[in-house]
Amino acid sequence: MPNGIIIIDKPQEWTSMDVCGKLRRIFGERRVGHAGTLDPMATGVLPVFVGRATRAVEFAERGSKVYETVLHLGQVTDTQDVTGTVLEERPVTVGRKELEEVLPQFTGDILQVPPMYSALKINGQKLCNLARKGKTVERPARPVTIFELNVLEQLNDTDYRMRVRCSKGTYIRTLCHDIGEALGCGGTMAQLRRTEAAGFALAQSVTLEEVLEAKEQGREQELLLSVDAYFAHYPDCRISGEAERRCRNGNSFRSDGADGTYRVYGETGEFLMLGERKNGEMTTIKSFFAPAEQKRS
């Protein structure tokens, strides 16, 4: 059975779930999940987890993400991007200097009001579904962190390409809107491309066309990264005998060494789990080994 991580360069107009559905059919595996939703308008890095690797999604979603976006000044839309209905057109009397002067206001720990056109649920209802019905509801501001925010280039009098490194839950559309409001001319997001997510970069990604081509050649599983690749920043720990038996049964076991988080491997080199060693005892954070009955089959 296929198990691993594939980094997709998501095409425009596809939802993240569209990509997962396509990969389910390609790999013939029901368990497929992604780390970090991208809007249909956006392109770029979408880490997709297949098979037992889906157990790592919860860890991958927590990390920071890097985007390149185009801020279009002088316009306000209902979706906060250029795909929406234009609500206002305003003259742009500011330049790159003024833009760069307001960016520190949006760097660090900030509060964002989620856009109405988002999948966020309030009282059990998706905001985007309410928005399509013409409804607006109060959305509490949420804390997010902008680690880096830079202007890469000025494209014309109204458009600027920017680079953003941010925490989970950041809406780049809202960031563009809020920057435009701070400048007094309004702003909307014209483009969005994610260049890093869950520690993976565009250079590691493949297109859906490349996956389909690999499928035709019977080598689609060669595109999968092993799940322990995501945890490569943790040291490894090798076990065997009674320790491995206890590990596979979900029990803690003696393990000498420094306290911390470890990638734990069995005697044959199989990645067993992400574990935590404390006071000479190793416990399971998350297991990744195949059940015995699955191995026999």
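**A walk through the model**

Guide: Happy to. Helix α5 covers residues 172–183, twelve residues in all, and reaches 17 Å from its first C-alpha to its last, close to the 16 Å expected at 1.5 Å a residue. That expected span is 1.5 Å times one less than the number of residues. Helices (H or I, at least four residues) and strands (E, at least two) are DSSP runs, numbered from the N terminus. This is a predicted model, where local features need pLDDT of at least 70 and side-chain atom pairs count only at pLDDT 80 or more, while totals for chains, interfaces and linings use all residues. Residues are numbered from 1 along each chain as its sequence is written, and side-chain values use heavy atoms, with hydrogens and water left out.

Visitor: Is α5 largely enclosed or open?

Guide: Nine of its twelve residues are buried, so α5 is largely enclosed by the rest of the structure. Buried means under 20% relative accessible area, exposed over 50%, and partly exposed in between (1.4 Å probe, protein chains only).

Visitor: Which residues of α5 are buried?

Guide: They are I172, R173, T174, L175, C176, H177, I179, G180 and L183. Just after α5 comes G184, with a positive phi of about 85 degrees.

Visitor: Let's go to β11. How many of its residues are buried?

Guide: Six of the eight residues in β11 (residues 159–166) are buried, which leaves the strand mostly covered.

Visitor: And what does β11 pair with?

Guide: One partner is β4 (residues 65–73), which pairs with β11 in the antiparallel sense over eight bridges. Another is β10 (residues 142–154), also antiparallel to β11, with seven bridges joining them. Two strands pair if DSSP finds at least two bridges between them.

Visitor: Which residues sit across from each other there?

Guide: Here's one for each partner. E68 has R163 of β11 as its bridge partner, and E153 stands opposite R161 in β11.

Visitor: How many residues lie between β10 and β11?

Guide: Four residues lie between them, and the two strands form a hairpin.

Visitor: New topic: aromatics. How many aromatic pairs does the whole structure have?

Guide: A search finds seven. Rings of Phe, Tyr and Trp (its six-membered ring) pair if their centres lie within 6.5 Å; planes under 30 degrees apart count as stacked, over 60 as edge-to-face and the rest as tilted. One of the pairs is F231 with F271, which is tilted, at 6.3 Å centre to centre and 40 degrees between the planes.

Visitor: Where do F231 and F271 lie?

Guide: F231 lies in the loop between α6 (208–216) and β14 (236–238), and F271 in strand β17 (residues 271–278), so the pair ties together parts that are 40 residues apart in sequence. F231 counts as buried at 1% relative accessibility, and F271 counts as buried at 9%.

Visitor: What about Y265 and F271?

Guide: Their ring centres are 5.4 Å apart and their planes at 50 degrees, so that pair is tilted. Y265 is buried, as is F271. Ring pairs link F59, F200, Y230, F231, Y265, F271 and F288 into a cluster.

Visitor: Which charged residues sit over rings?

Guide: R238 lies over the face of Y265, at 4.3 Å from the ring centre. R248 has its charged end over the ring of F289, 5.4 Å from the centre. A charge sits over a ring if NZ of Lys or CZ of Arg is within 6 Å of the ring centre and within 35 degrees of the ring normal.

Visitor: Back to α6. Which of its residues are buried?

Guide: L208, V211 and A214 are the buried ones. Seen down the axis of α6, they fall within an arc of 120 degrees, so they line one face of the helix. The arc is that of the directions from the helix axis to the C-beta atoms.

Visitor: What's on the face turned away from that side?

Guide: The exposed residues E209 and E216 are on that face. After α6 comes G218, whose phi is positive, near 70 degrees.

Visitor: Last one: how many helices and strands does the chain have?

Guide: The protein chain has eight helices and 18 strands. Of its 297 residues, 47% count as buried.
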